[in-house]
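Subject: A structure to look at

Hello,

Please have a look at it first and then read on.

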Amino acid sequence: MASCPPKTPDPCAQICPPPPPKPPCHPKPVMRGLHWAQTQSIIFQALFCSCCAGACVYFFLGRPRRAAYKEYYARGEFEDWADEMARKGLFQAVPKEILKDNVPGK
């Protein structure tokens, strides 16, 4: 750094030049490959978010739904329900004459 000249009584005397600016604290951005680096980052974030969403759907929707279906089919009386619907005439493939002969309880 250069030293300032001695002060003179003249009001129009030269003023010492300002010191040079300090070097920046932040490194310069790397411009080569910046678009590809940002694209990779976005792709990885999207994959991570989609995996998290898939896991949430599986654990909060899929498993309870599967358990509900399993319970329904475990305690369902499908043959009794089918016989009752056939007696009411809801099944077109079952003739009513066959059902009158095999009525349970009679």
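Below is what was found, going from the whole chain to single side chains.

First, how to read the notes. Residues are numbered from 1 along each chain as its sequence is written. This is a predicted model, where local features need pLDDT of at least 70, side-chain atom pairs count only at pLDDT 80 or more, and totals for chains, interfaces and linings use all residues, while side-chain values use heavy atoms, with hydrogens and water left out.

**The chain as a whole**

The protein chain has 3 helices and 0 strands, in the order α-α-α from the N terminus. Helices here are DSSP runs of H or I with at least four residues, strands are runs of E with at least two, and the numbering starts at the N terminus. Of the 106 residues in the protein chain, 2% are buried; buried means under 20% relative accessible area, exposed means over 50%, and partly exposed is in between (1.4 Å probe, protein chains only). The accessible surface comes to about 10,600 Å², with 64% of it belonging to carbon and sulfur atoms. Such areas come from the Shrake-Rupley method with a 1.4 Å probe, and for residues only the protein chains shown count as cover.

**Aromatic rings**

The whole structure holds 7 aromatic pairs. Rings of Phe, Tyr and Trp (its six-membered ring) pair if their centres lie within 6.5 Å; planes under 30 degrees apart are stacked, over 60 edge-to-face, and the rest tilted. Tyr69 and Tyr73 are stacked because their ring centres are 6.5 Å apart and their planes stand at 15 degrees. Both of these tyrosines lie in helix H1, 4 residues apart, about one turn of the helix. Ring pairs link Tyr69, Tyr72, Tyr73, Phe78 and Trp81 into a cluster.

Which residues form the nonpolar patch on the surface? They are Tyr69, Tyr72, Tyr73, Phe78, Trp81, Met85, Leu90 and Phe91, with about 810 Å² of accessible area together. H1 and H2 each supply at least two residues of this patch. Patches are made of residues with over 30% relative accessible area and no salt bridge, joining like charges within 9 Å and nonpolar side chains (Val, Leu, Ile, Met, Phe, Trp, Tyr) within 5 Å.

A patch of negative charge brings together Glu77, Glu79, Asp80 and Asp83. Lys and Arg count as positive and Asp and Glu as negative, with His and the chain ends not counted; the charge is placed at NZ of Lys, CZ of Arg, CG of Asp or CD of Glu. Glu77 sits in the loop between helix H1 (34–75) and helix H2 (78–87).

**Salt bridges**

There are 2 salt bridges, each a side-chain nitrogen of Lys or Arg within 4 Å of a carboxyl oxygen of Asp or Glu. Glu71 and Arg75 form one of them (3.7 Å, N to O), and both residues lie in helix H1. Glu84 pairs with Lys88, the closest N and O atoms being 3.3 Å apart. Lys88 is exposed at 58% relative accessible area, whereas Glu84 is partly exposed at 37%.

Best wishes
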